[in-house]
Amino acid sequence: MFAKGDFIVYGRTGICEVMDISTIDMDGVSRDKLYYILSPRQGGGGRIFTPVDNSKVVMRRVISKEEAAKLVDQIPEIETLWIENEKLRESRYKESMRTCDCTEWIKMIKTLYLRRRQRIAQGKKITATDERYLKLAEGNLYAELSIALGVPEQDMESYITEHIESGKRH
């Protein structure tokens, strides 16, 4: 169980802070069922009420500083998701996003960077689908790493690039 103040990954919503854990006083809702009251980091300040025992949506703790540092160190060795078949590509991207797994997001980002580079070399633009999934994967990854490493989210791409180029290990 998470605690008040914890940052968690909540499915496709992304990073949320656990604001409270309580019952909900609402018609049709069991008075003895506990709910997390979540505040999404992205978006317009809404609240999410989800049962503590919700098994339909991936809910997990944000990775630790040590796990984040190790993950950044491993980026050069993480494989891509190369998919030749255009029709299967978007379903593979959706599947990767649904996992809520940082390594899957990195695979996707690396794949999409390579794909963009190839398309530009051919005189083409990145597809709208590729662009959308690149932004989603980067947004989720950078938000989580930002919390874990204490680096501002907008600086994550340059932080990762510098880290990899310098060959530094945490």
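## Burial and overall build

Of the 170 residues of the chain, 41% count as buried. Buried here means under 20% relative accessible area. The model is a predicted one. Along its principal axes, the C-alpha atoms of the chain fill a box of roughly 60 × 40 × 25 Å.

The chain has five helices and five strands. Read from the N terminus, the order of elements is β-β-β-β-β-α-α-α-α-α. Now take the contacts between residues at least 6 apart in sequence: 53% of them join residues at least 24 apart.

## The sheet

The five strands form an open sheet. Their order across the sheet is β4-β3-β2-β1-β5, and the pairing is antiparallel. In general, strands of a sheet pair through backbone hydrogen bonds.

Which strands stand at the edges? They are β4 (48-51) and β5 (59-61). Each has a single partner strand, so one side of each is left without a neighbour in the sheet. Neighbouring strands of this sheet are also turned against each other, by 40° on average, with direction ignored.

Look next at one pair inside this order. Strand β2 covers residues 14-22, and strand β3 covers residues 35-40. Six bridges link β2 and β3 in the antiparallel sense. I21 stands opposite Y36 in β3.

## A helix across the strands

Helix α4 spans residues 128-149. This helix lies across β1 (7-10), β2 and β5. Relative to β2, α4 runs at about 65°.

## Helix α2 and its two sides

Helix α2 takes in residues 86-99, which is 14 residues. From its first C-alpha to its last, α2 reaches 21 Å. That is close to the 20 Å expected at 1.5 Å a residue.

## The ends of α2

At the start of α2, look at N85. A side-chain oxygen of N85 reaches to within 2.8 Å of the backbone nitrogen of K87. Just after α2 comes C100, with a positive phi of about 55°.

Conventions: Residues are numbered from 1 along each chain as its sequence is written. This is a predicted model: local features need pLDDT of at least 70, side-chain atom pairs count only at pLDDT 80 or more; totals for chains, interfaces and linings use all residues. Side-chain values use heavy atoms; hydrogens and water are left out. Two strands pair if DSSP finds at least two bridges between them. Helices (H or I, at least four residues) and strands (E, at least two) are DSSP runs, numbered from the N terminus. Axes are lines fitted to C-alpha atoms, for helices over the stretch in contact, and angles run from 0 to 180 degrees between N-to-C directions. Contact means heavy atoms within 4.5 Å. The expected span of a helix is 1.5 Å times one less than its number of residues. A polar contact is a pair of N or O atoms within 3.5 Å; within protein, one must be able to donate a hydrogen and the other to accept it, and residues adjacent in sequence count only if both atoms are side-chain atoms. Buried means under 20% relative accessible area, exposed over 50%, partly exposed in between (1.4 Å probe, protein chains only).
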